[in-house]
Amino acid sequence: MFLEIVVMPREARKSPARRSPERRGREALTQEWREEGKAFHGAVLEFIKAQHLLGAVKWMSEPGVLPQVTLVASDRVLEKLQSEPRFEAGRGLSLHLQT
């Protein structure tokens, strides 16, 4: 059985040091966020490959501006992702709407 899985980076226990405020344009911020999203996507994909779980993944979202990956995969993939300290993983919400 396949289910929808949402993966995000696990938040650090300590609050990160704040950078000095910089005035940057939207384009520069968007590019930085895209790079972070792409790096996180790559980390999730590498983890799945290292755990030999690629065959248990039916679909994986493309990198975006958020460090978040959505998968359609088996329960085993969810269990492995939840056990990895770098990731926070859970099931996607299924909505059945009636009209």
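Which residues does V44 touch, not counting residues up to four places away in sequence? I looked this up and found V7, M60, V69 and F87; I took contact as heavy atoms within 4.5 Å.

**Basis.** I am working on a predicted model, in which local features need pLDDT of at least 70 and side-chain atom pairs count only at pLDDT 80 or more, while totals for chains, interfaces and linings use all residues. I number residues from 1 along each chain as its sequence is written, and side-chain values use heavy atoms, with hydrogens and water left out.

**Sheet.** I took helices (H or I, at least four residues) and strands (E, at least two) as DSSP runs, numbered from the N terminus. I counted two strands as paired if DSSP finds at least two bridges between them. With that, 4 strands form an open sheet in the order β2-β3-β1-β4, and the pairing is antiparallel. β2 and β4 are the edge strands, each pairing on one side only. On average, neighbouring strands of this sheet are turned by 25° against each other, direction ignored. For such angles, axes are lines fitted to C-alpha atoms, for helices over the stretch in contact, and angles run from 0 to 180 degrees between N-to-C directions.

I then went through the pairings of β1. β1 and β3 are joined by 6 bridges in the antiparallel sense. V7 stands opposite V69 in β3, and V6 has T70 in β3 as its bridge partner. Towards β4, β1 has 5 bridges, again antiparallel. There V7 stands opposite A89.

**Helix α2.** I noted next that α2 packs on the sheet and touches β1, β2, β3 and β4. The direction of α2 makes about 130° with that of β3. Which residues of α2 (residues 75-83) are buried? I find V77, L78 and L81, with buried meaning under 20% relative accessible area, exposed over 50% and partly exposed in between (1.4 Å probe, protein chains only). An α-helix has 3.6 residues a turn, so residues three or four places apart point the same way. On the face of α2 turned away from its buried side I list the exposed residues E79 and S83. The cover over the buried residues of α2 includes β1 (2-9), α1 (26-50), β2 (57-60), β3 (69-74) and β4 (87-91).

**Core.** I define a nonpolar core as a set of buried Ala, Val, Leu, Ile, Met, Phe, Trp, Tyr and Cys residues joined through side-chain atoms within 4.5 Å. The largest one has 19 residues, and I5, V7, V44, L71, V77 and L81 touch the most other members. Two or more residues each come from β1, α1, β2, β3, α2 and β4. α1 gives the largest share, 4 residues.

**H41.** I also checked this histidine, which lies in helix α1. H41 counts as buried at 12% relative accessibility. Leaving aside neighbours within four places in sequence, H41 is in contact with M60, S61, E62, P63 and V69.

**Salt bridges.** How many salt bridges does a search of the whole structure find? I get 2, a salt bridge being a side-chain nitrogen of Lys or Arg within 4 Å of a carboxyl oxygen of Asp or Glu. One joins the side chains of R10 and E88 (3.2 Å, N to O). R10 lies in the loop between β1 and α1 and E88 in strand β4, so the pair ties together parts that are 78 residues apart in sequence. R10 is partly exposed at 35% relative accessibility, and E88 is partly exposed at 43%.

I also looked at E84, which forms a salt bridge with R86, with the closest N and O atoms 2.8 Å apart. E84 is buried at a relative accessible area of 15%, whereas R86 is partly exposed at 43%.

**H52.** My last entry is on backbone geometry. H52 is not a glycine, yet has a positive phi of about 55°. I place H52 in the loop between α1 and β2. With a relative accessible area of 68%, H52 is exposed.
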